[in-house]
Amino acid sequence: MKKKIFALLLTAALGIGAVACGANNTAETASDNSNLSETTSETGELTTVRLAIMTGGSSHWYAVIGDKEGIFEKHGIKVEISEFAAGVNTVDAVAMGQADFGNLADYAAVNRIGNTKEETNLVIVDRLSTSAGTQGGSLYVADGITSVEDLANVPFATQTGTVWDYWVAKTYESAGIAESEQNIVSVDSMASAVALMTTGDVQAVWASGQNAAKLEEAGFNSILTLNDLNLYTDAYYISTSDYLNENPELVKAFIEAQEDIAEWIENNKEAAAADFEAASGVSQDQFLSDIEATKLVTDFTQETLDHLNGIKDWAVAGGRFEDYNILDYTDLTALKAVYPDSVTVE
């Protein structure tokens, strides 16, 4: 009964929330898609940077807290924020010229580049967060499923092209479940996956943060963590080579602002939680829980490259795309200029 009530409430909420998904949520939205500058008596000249972020993720924290606390403004930047459900959407916004920077997780970055490498000008700019050293995420399942081996023929949610694909595939690998017994259900967002869990149309889903909290409130239990599979997730900012070449000083300022925001959040967690709750509606307790499971960074290390190469090699071996050199699709020029010690790739 608890799950049925939750499903009805959640379905109603999704009907309202769907209108806003992917819409602009900005401090002040520009009238067109060009890079704009404006002068105010209080701040001097500010240059607009359009950010495509994933709702509720670390890029969302950076965007709204950096804006609220005036950190972007300090670096001469006015942010225009567009929220999306997943990294595949943010990268589309960048690729179509609707955003200057987007963020996406490791597998999504590797997969997107691998499948468009002959025609893309997308490049990774730096890493902005990692779940390494934390639980990172948990696999929630329906009643009666007690082990990963029980997932054979069970509807398992994924969002195609995202890191979920990687987690789902690695889960099946760990259980030795053949492709013929895999029942993968593609959803358009985490909210949809949660709703389908409550109706029984999906019986397994990876979740973290506020989505994990919703599933726990609905009575679902976790049987596995990413840590159990020796997995963790990195998130990156991406842009285009054209934008980086045309705006070198602005890109440096953006990266400096990123590091300042990370430091401010680390030193002011309670205030950051209040800022984020005011902007997003996510409770302060949930934000504080999420930030404990995430390390905010501004870097691109050899370990980062090894992590991406591990995912890429796995995907290539599975025939998902042909091999390529990740550094050919990475531009660390600005990062090296402002924080040279943060780049350790060979």
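Helices (H or I, at least four residues) and strands (E, at least two) are DSSP runs, numbered from the N terminus. The model is predicted: local features need pLDDT of at least 70, side-chain atom pairs count only at pLDDT 80 or more, and totals for chains, interfaces and linings use all residues. Residues are numbered from 1 along each chain as its sequence is written, and side-chain values use heavy atoms, with hydrogens and water left out.

**Exercise 1. Confidence**

State what the mean pLDDT of the chain is, and which stretch has pLDDT below 50.

Solution. pLDDT is the predictor's confidence in each residue, from 0 to 100. The chain has a mean pLDDT of 87, with 87% of its residues at 70 or more. Residues 1-43 have pLDDT below 50, and this stretch has 61 contacts in the model beyond near neighbours in sequence; contact means heavy atoms within 4.5 Å. Where pLDDT is low, the predicted coordinates should not be read in detail.

**Exercise 2. Two loop asparagines**

Locate asparagine 153 and asparagine 230, and decide whether each is buried, partly exposed or exposed.

Solution. Begin with position. Asparagine 153 lies in the loop between β6 (138-141) and β7 (155-158), while asparagine 230 lies in the loop between β10 (221-225) and β11 (234-240). Next, consider the backbone: asparagine 153 has a positive phi of about 65° although it is not a glycine, and asparagine 230, also not a glycine, has a positive phi of about 60°. Finally, apply the cut-offs: buried means under 20% relative accessible area, exposed over 50%, and partly exposed in between (1.4 Å probe, protein chains only). With a relative accessible area of 48%, asparagine 153 is partly exposed; asparagine 230, at 69%, is exposed.

**Exercise 3. Valine 123**

Determine the strand that holds valine 123, whether this residue is buried or exposed, and what it contacts.

Solution. Valine 123 belongs to strand β5 (residues 122-130). Its relative accessible area is 9%, so valine 123 is buried. Leaving aside neighbours within four places in sequence, its contacts include Tyr237, Leu244 and Tyr329. Ser241 is also in contact with valine 123; the C-alpha atoms of these two residues are 6.3 Å apart, although 118 residues separate them along the chain.

**Exercise 4. Helix α2 against helix α10**

Find how the axes of α2 (residues 58-68) and α10 (residues 248-267) are arranged, and which residues make the contact.

Solution. Two packed helices are described by the angle between their axes and the distance between the axes. Axes are lines fitted to C-alpha atoms, for helices over the stretch in contact, and angles run from 0 to 180 degrees between N-to-C directions. Here the axes come within 10 Å and cross at roughly 85°. Angles under 35 degrees count as roughly parallel, over 145 as roughly antiparallel, 65 to 115 as roughly perpendicular and the rest as oblique. The helices α2 and α10 are therefore roughly perpendicular. From α2, the contact is made by Trp61, Tyr62, Ile65 and Gly66; from α10, by Gln258, Ile261, Ala262, Trp264 and Ile265. As for cover, 9 of the 11 residues of α2 are buried, among them Trp61, Tyr62, Ile65 and Gly66.

**Exercise 5. Helix α12**

Identify the buried residues of α12 (residues 284-292) and the elements against which they pack.

Solution. The buried residues are Gln286, Phe287, Leu288, Asp290 and Ile291. The buried residues of α12 pack against α2, α8 (209-217), α10, α11 (269-280) and β12 (295-299).
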